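Me: I am new to this structure. Please walk me through it, and tell me what stands behind each term you use.

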Amino acid sequence: MSNQLDRSKSELLFNDAKMMFPGGVNSPVRAFKSVSGPPVFIKKAEGCYMTDVDDNRYLDFCGSWGPLILGHNNAAVRDSIIETVAHGTSFGTPTPHGNEIGHTILDNHSRLEKIRFVSSGTEAVMSALRLARGYTGKNKIVKFEGCYHGHVDSMLVKAGSGLITFGESSSAGVPESFAKETIVAKLNDCEGLRKIVQQEGHDIAAIIIEPIPANNGLILQDLEFLKLIIDLCRENQIVSIFDEVISGFRVHFEGASGLYNLSPDLMTFGKIIGGGMPVGMYGGKAEIMSMISPDGPVYQAGTLSANPVTLAAGNATLKQLLHPDFYKKIELKTETFVSQINDHILEREYDAEMIHIGGIFWLKFTSKTIKSADQIDPLSMEYFKKLHHHLLQDGVYFGPSGYEVGFISSAHTENDLNLAVEKIRIALDKTFEY
Ligand SMILES: *Cc1c(COP(=O)(O)O)cnc(C)c1O
């Protein structure tokens with residue numbers, strides 16, 4: 001009945017890749033370990049469609065894990081890359097491209113006074129944490145269970161046991177002595193956070209959070225909780241850091257900070273600001289940023305930082321986001337898409353719900369509200385595995401893990417989304433064996 005897609009070329013390439021790269025990949029989730037079959041090898045993409053090496057076409061909701069808010073191969077972004085690269089790829093000097101994107105960002109983001117470019121989100125977080133420690137002269141960092149901040153040692157930490165949970169490393173290779181410098185708190189838990197700051201605040205350099213946690217499902221926080229983080233930091237000489245690598249320039253030009261009207265001390269960015277090229281950036285209050293070398297004593301550098309090609313791609317992306325209705329349009333499209341799927345879920349009485357904020361959506365296999373990571377049932381991921389299989393067979397590409405969110409870009413048209421709703425409804429029926 002189900003017409004199996006031929007993915008034999010992908011399979012061959014994957015077998016070959018496994019001989020060269022650990023797990024056949026250069027970033028773990030790409031290996032399709034949480035879903036079935038070999039990963040899809042993509043050869044090209046345009047708008048919201050990707051084509052694999054076997055010439056199958058997929059309607060894409062992964063968007064390269066977030067950067068492609070304009071869809072794949074956006075013409076203005078592509079042109080700016082080609083135009084820039086024609087003059088060389090890297091000079092190891094300041095370039096006018098830096099001033100251009102600097103003005104695009106700083107003239108339109110009221111919470112950023114000074115910024116610095118790096119080459120990945122991980123690097124942005126690593127640098128912001130060092131800066132917070134250098135600025136405060138304190139050591140400990142508070143993070144929240146269920147937030148991802150890249151693969152920095154001090155962030156590869158999970159909650160240990162005990163009242164105040166000094167972290168335990170969640171990856172081999174991270175010494176327990178490093179992990180102990182990180183305190184892991186529960187999302188959306190005001191009382192718990194107050195207690196931690198009361199007891200340990202004298203040695204806490206920073207509290208870091210994804211203001212819109214979107215790397216472990218989509219765990220939307222109460223505004224009150226986010227406000228509490230800012231307030232506790234201000235009262236206790238702690239640096240507040242919003243990790244906006246996903247939410248930045250996605251839900252609002254000023255990210256979650258703009259959407260919620262909050263002003264953290266520092267923010268970290270990546271993904272969208274590179275227009276599909278490798279990138280990271282951190283920034284915030286000038287007083288804190290002035291601690292960075294060469295102005296101040298906190299060292300941070302990068303051979304390819306602010307690479308002209310990346311900056312040109314980023315600037316060509318950001319300029320399109322400044323269009324007055326840009327975010328409203330994506331929000332409306334996403335709302336319609338999500339409500340059509342939820343209507344079907346309600347009608348069939350499946351225990352599931354799709355939630356969204358801006359153009360970010362997540363399908364959870366429970367109708368209960370989720371505010372912290374421990375409320376996600378790992379067993380529910382079995383449903384996602386089935387759903388993913390059926391969707392892929394029908395030419396719809398979701399990130400290959402139930403903990404990943406989906407993204408709607410400006411390139412997803414109403415027609416594309418209607419088609420996707422149709423296919424997702426069918427895949428849900430197959431998943432729940434309706
Ligand atoms: C993707 C992501 C990172 C890591 O960025 P990389 O460019 O993959 O290093 C950090 N924080 C958040 C919130 C992210 O979504």
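Reply: Start with strands. Two strands pair if DSSP finds at least two bridges between them. Keep in mind that this model is predicted.

Me: What makes β1 and β2 a pair?

Reply: Four bridges join β1 and strand β2 (residues 49-52), in the antiparallel sense. The rule asks for at least two bridges, so the two strands count as paired. Within this pair, A45 stands opposite M50 in β2.

Me: Which sheet do they belong to, and in what order do its strands run?

Reply: An open sheet of four strands, ordered β1-β2-β3-β15. Its pairing is mixed.

Me: Why are β1 and β15 said to stand at the edges?

Reply: β1 (42-46) and β15 (396-397) each have a single partner strand, so one side of each has no neighbour in the sheet.

Me: How do you know that β13 pairs with β14?

Reply: Five bridges join these antiparallel strands. The threshold is at least two, so β13 and β14 are a pair. Here M354 stands opposite L363 in β14. Both strands sit in an open sheet of three, ordered β13-β14-β16 with antiparallel pairing. Its edge strands are β13 (353-357) and β16 (406-407), each pairing on one side only.

Me: What makes a space a cavity, and how many are counted?

Reply: A 1.4 Å probe fits in a cavity but cannot get out. Counting those of 30 Å³ or more gives two cavities.

Me: What lines the largest cavity?

Reply: Its volume is about 90 Å³. Among its lining residues are F61, W362, L363, F384 and E404. Strand β14 (residues 360-364) gives the largest share of this lining, three residues. By class, the lining has seven nonpolar, four polar and one charged residues.

Me: What about the second largest cavity: which classes make up its lining?

Reply: Two nonpolar, six polar and one charged. The residues include G47, D60, H72 and H412. The space amounts to about 30 Å³.

Me: Why is the next space called a pocket and not a cavity?

Reply: A pocket is an open set of points, whereas a probe cannot get out of a cavity. The second largest pocket has a volume of about 720 Å³. It is lined by 29 residues, and the closest to its centre are I115, R116, F117, S305 and A306. α3 (96-106), β4 (114-118) and α10 (308-321) each supply at least two lining residues. β4 gives the largest share, four residues. By class, the lining has 12 nonpolar, 14 polar and three charged residues.

Note on methods:
Residues numbered from 1 in each chain as written. Predicted model: local features only at pLDDT ≥ 70, side-chain atom pairs only at ≥ 80, totals over all residues. Heavy atoms only, no water. 1 Å grid on protein atoms, 1.4 Å probe; cavity = no way out; pocket = protein on both sides within 12 Å on 5 of 7 lines; lining within 4 Å. Points joined across faces, edges and corners; volume = space filled by probe spheres on them. Nonpolar A, V, L, I, M, F, W, Y, C, P; charged D, E, K, R; others polar.
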